[in-house]
Amino acid sequence: MRGSLLALADALKQPRVRKAAVEVTDAAAQRIKELLETRHKPYLRFGVKRRGCSGLSYTINYADDRQKFDELVEEKGVRILIEPTAVMHLLGTRIDYHTDKLRSEFTFTNPQAKGTCGCGESFTT
């Protein structure tokens with residue numbers, strides 16, 4: 001019994017590794033790096049706004065500094081911020097970047113999304 005309590009105490013002393021709020025693919029990380037270097041900004045801030053057929057849509061803006069409750073994600077050499085009101089909507093989302101003959105865009109694979117509109121621009125949680 002004493003040995004298991006000591007093991008538990010040791011485990012609690014170790015810093016817990018927290019999984020990032022979002023996952024950034026290699027393609028998205030590369031594009032984010034390009035965007036930040038071009039604009040000389042340290043962060044991209046991801047969020048959601050109430051709009052569109054399904055109620056919410058994604059937002060991406062440049063940011064100079066981290067706000068008090070922003071969630072910082074440092075992954076693959078990029079630093080992105082998640083707005084505090086968006087964390088619950090974006091938790092577990094995979095951010096990717098696709099380019100083809102017609103368009104180049106960030107795409108979001110969001111396990112929190114319960115539905116999307118026909119054009120794919122908005123979602124509901």
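Which residue forms a salt bridge with Lys-41? Asp-64 does, with the closest N and O atoms 2.9 Å apart.

## Basis

This is a predicted model: local features need pLDDT of at least 70, side-chain atom pairs count only at pLDDT 80 or more, and totals for chains, interfaces and linings use all residues. Residues are numbered from 1 along each chain as its sequence is written, and side-chain values use heavy atoms, with hydrogens and water left out.

## Overall build

The chain holds three helices and nine strands. These are DSSP runs, numbered from the N terminus: helices are H or I of at least four residues, strands are E of at least two. Of the 125 residues, 31% are buried. Buried means under 20% relative accessible area, exposed over 50%, and partly exposed in between (1.4 Å probe, protein chains only).

## Salt bridges

The whole structure has seven salt bridges. Each puts a side-chain nitrogen of Lys or Arg within 4 Å of a carboxyl oxygen of Asp or Glu.

Arg-94 and Glu-23 meet in one of them, at 3.6 Å, N to O. Arg-94 sits in strand S6 (residues 93-99) and Glu-23 in strand S1 (residues 22-24), so the pair ties together parts 71 residues apart in sequence. Arg-94 is partly exposed at 35%. Glu-23 is partly exposed at 37%.

## Loops and a network

Asp-64 and Lys-41 pair in a salt bridge. Asp-64 lies in the loop between strands S3 (56-63) and S4 (71-75), and Lys-41 in the loop between helix H2 (26-39) and strand S2 (43-50). Asp-64 is exposed at 51%, while Lys-41 is partly exposed at 27%.

Glu-75 bridges to Lys-76 at 3.9 Å. Salt bridges link Asp-26, Glu-75 and Lys-76 in a network.
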